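Have a look at it first, then read on.

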Amino acid sequence: MSNNTKKIDPLLKIDFQIFDSIEEPLSIYKLIHDQNGNIIDLQVLYINPKSEFNYIQKRNVINKKISELYDRNVVNHYLKIVKDVISTGKSKRYETYFAPLDKYYLVLNFVYNDLYISLSVDISEHKRHEKYLKESENRYQALFRNNYAPMLLINPDTGNIIDVNPAACSFYGYKKEELLRMKITDLNILTNEQIFNEMQKAKAEKKNHFVFKHQLASGEIRDVDTYSGPITVGGKKLLYSIVHDITQQKRAEKDLRHERELLQAIVDTIPVMITIYDPQVEHMQVNNAFEEITGWSNEEIQHLDVMEIVYPDPDYRLEAAEFMRSLSGWKDLTMTIKDGSKIESSWANVQIPDGRQVGIGIDITERKKLENELKQSRDRLEEQVKERTAELEESYKSLKESELKAKEQADLLDITHEAIFVRDITDKISFWNKGAEELYGWSKKEALGKILQKLLQTEYPKPLEEIKNKVLSRGRWDGELTHTKRDGTKINVLSRWSLQKDNLNNPIGFMEVNTDITEQKEALKKLKENEEKYRELVENANSIIIRLDKKGNISFFNEFAEAFFGFREDEVKGRNILGTIVPKSESNGRDLQELMNKIISDPENYSYVENENITKNGKRVWVSWTNKGIFNKKGELQGILSIGTDVTKRKKAENNLKRSETILQEATRLSKVGAYEWDIKKNRFIFSKEWRRIHGVEEKYLPSEELMKISHPEDIPHVKKALNDALEDTKQYNIEHRIINQLNGEIRYIHAMGKVLKDEEGHPIKMYGVADDITESKLAEIERENLIKNLKRSNEELRQFAYITSHDLQEPLRTMSSYAGLLKHRYEGQLDPDADDFIEFMVSGAARMKSMIQGLLDYSRVGTHGNEFNNFNSEEALNNTLHDLVSYIKENNAEITYDKLPVIYADKDQIARVFQNLIGNSIKFHKKDETPRIHVSAQKKDNEYVFSVSDNSIGMEPEYTDKIFEIFKRLHSIGKYEGAGIGLAIVKRIIDRHGGRVWVRSELGRGSTFYFTIPLTQ
């Protein structure tokens, strides 16, 4: 070959068309040098189809210089990159935004000999995802930092404080760096063991709500309400704690509890009936005195028509209801109580602020009885962020790398710093470029012939065979893999596989292009952890958290707010807070529209407010709000962050306290019951005006020594012992004693009651109570006891008379009966018919007389000859009865059935007598054309067993059902049915002895059912 032979540029031998299938924009340029070797321009040798766009077309740019295509600034930009790559010997990468396609690209630039190659990888999804996470982190960071509530992140294993917000620094009085050097045990006054036990409960989510005492930097101890839960940050399980200072609330609750106990003690001990009812007198609440006097508990009253059962007569009930609504003075009313008896009472009514009325009633039954007796004988007050941050979008899509087809082009691929290698079908490495050497640390010589998976210890997202099959069927695969470098470091790579084929289109191997994305993965992981940390802090807050824009429209609504108000976040987002969760005015008339305008215009001056709110279903609730303005860098208000706490119960308690105070004042005024307070530490009594009137004392305050002088000398030891028992908590102070009125010297009877209040250590500090002048009722009680004694003596004499009469009458009756029988035996049929009738009248009359006397004797003996009460199964008494009546039952073909009967406490023989009389009556009065059928059953109801004996007898008219239990009362003529008419009277007397009731329900021709009750209590 001669020296004049023209050299052929080796670059022209390269078949650039093999890059046409690459899925990312690729451009290849030739470097143009001046005479001094400086690079002054680039010539376009190749652009793939993905690089073509609008005016950039392959046919228009190939072989042209970039100085002919672009302005000088673009040319200088390319030349600078080329010079940087040549000077460093490494490829250069940078990110750029391409506006015409609205895409972000990672541009890889490298130089090989006289070639400049530029490969652009689409990272738009990654950039958008990164931007979203950053915005989310900033949002939750703002909620964490701007939260008025102190917030802490704690290591539950060591107690170290990991992070705090500004509110925590402000609350505890420490700088942030000081708190981060501390442990939670430095703040919590519990023992270390107790604190770590509580943290483990929170960590395991067995408990998330705590009330602690925390110590501030100043040494002050504060009560705090803490919500704590687990959170994972950087792979570690930490605890977040949201702290609310409840010191003032605890003090207020203590004061409120003290006031409530005081009022309850007085209401519980005042011997006056108190009822609270609505103007329609439909719903009523009562106090202890009402329960004790009437027998109905407050719980029972809620389910009964009180007016109907207390005033059964309709006209009288109407009169009572009108009086209760009228609020006019005192009125005496006759009440029917639970046991069916009647009592006399005197009532006055007042109205309380909530529209309901209070009735004050005094039991004057004894006084009424006394007046009646004396007249006859001598002429008586009951949302965390719902919308969770949408699931994080899937990690940015894997950067796609196109396949390189030809093994013969490997030298060109070797110029890139991306890791590129080829392996055959058996996974042996047949090509290993410089980028692979730089990334993994193994040289080409060391890598060739090795099995790829073993060399790099590859961790696949799916089984390898599944990935290979996908490449064989589709020609490509891309995804993320984990590889181990030569130094043992694990890295994440974005891997693109392409199938290699021979000229016959048979698979011969795989080409793999890997990009190190470890740093990006770590950055994403940290970004995600930060976002999750602040998101969980807000979502798990046990407070209402909302955000408003500067117009008052809701832009954020946490899950706790959703649960509390009943709205989903998407229902309230964009709506104005006024009219959504804040009504235009409160129930008491306060203008909330004006309050909201002030908060929105000047949140700093309204950082703490309490106002009435409204839930989705219209329920009115009270919320305590802390408001903080959110400002931009220019100091312009952008919105308001509001954190709310439900204080509805406290508000209701305050209202109830006011209502109770009104009731108490009216009750003591109307009932004329004296009240007192004993300050035990100061040893001083304070008295109400009524107490001073009762005792004839003018001084409002007295020491306990002076008080004893008012008591009757004989009763002083009794009073002192009762006071000591109450102070030692062995017995409640509740006594009757005499006093000497200090103004007129009268001896009066007093019923005094009191309740001792103690401090947290259990020491008595105060005693509250009432005193009622019971002189009139006491004197009436004494007279009544005398009357009872006389009545008992009279009853005993009557019983003796009945016994003697019935016993002594039997002797002459036996004589009459015997001689009448002799006459009938000797002369029946021998005299005229009239004589036979007369004799028959004598015999039957004597028999009836004997039956009546025996019945009278049995009747008189029910209360005196009965056995002691014992527990027994009532079926035994019934079986004894059926045994005694077996002949009578067979004679009448009667059918007797019964259910399982209970064990009762009673006189077994007398209960058998009740069954005998009732079953005997049912057989006696059976219908002539029907078989007598009798059924016995019992059921437990309230505090008694109700027994029933049902039959298919002839029955009776309802107007006679009360009379049949009277002695010698008969509904049929003598002779039609046997018997003396005393059996049911004996039944009633036996049941009366047992404290029960007996009655019958019957209808003529349709049978009868007799009922009797036996109390449960012994």
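## A ring cluster

Phe685 has 4% relative accessibility, so Phe685 counts as buried (buried means under 20% relative accessible area, with a 1.4 Å probe and protein chains only). Tyr676 comes in at 9%, so Tyr676 is buried too.

This is a predicted model, where local features need pLDDT of at least 70, side-chain atom pairs count only at pLDDT 80 or more, and totals for chains, interfaces and linings use all residues. Residues are numbered from 1 along each chain as its sequence is written, and side-chain values use heavy atoms, leaving out hydrogens and water.

Ring pairs join Tyr676, Trp678, Phe685, Phe687 and Trp691 into a cluster. Rings of Phe, Tyr and Trp (its six-membered ring) pair if their centres lie within 6.5 Å; planes under 30 degrees apart are stacked, over 60 edge-to-face, and the rest tilted.

Phe421 sits in strand S17 (residues 419–424) and Trp432 in strand S18 (residues 429–432), so the pair ties together parts 11 residues apart in sequence. Strands here are DSSP runs of E, at least two residues, and helices are runs of H or I, at least four, numbered from the N terminus. Both Phe421 and Trp432 are buried.

Terms used. Buried means under 20% relative accessible area, exposed over 50%, partly exposed in between (1.4 Å probe, protein chains only).
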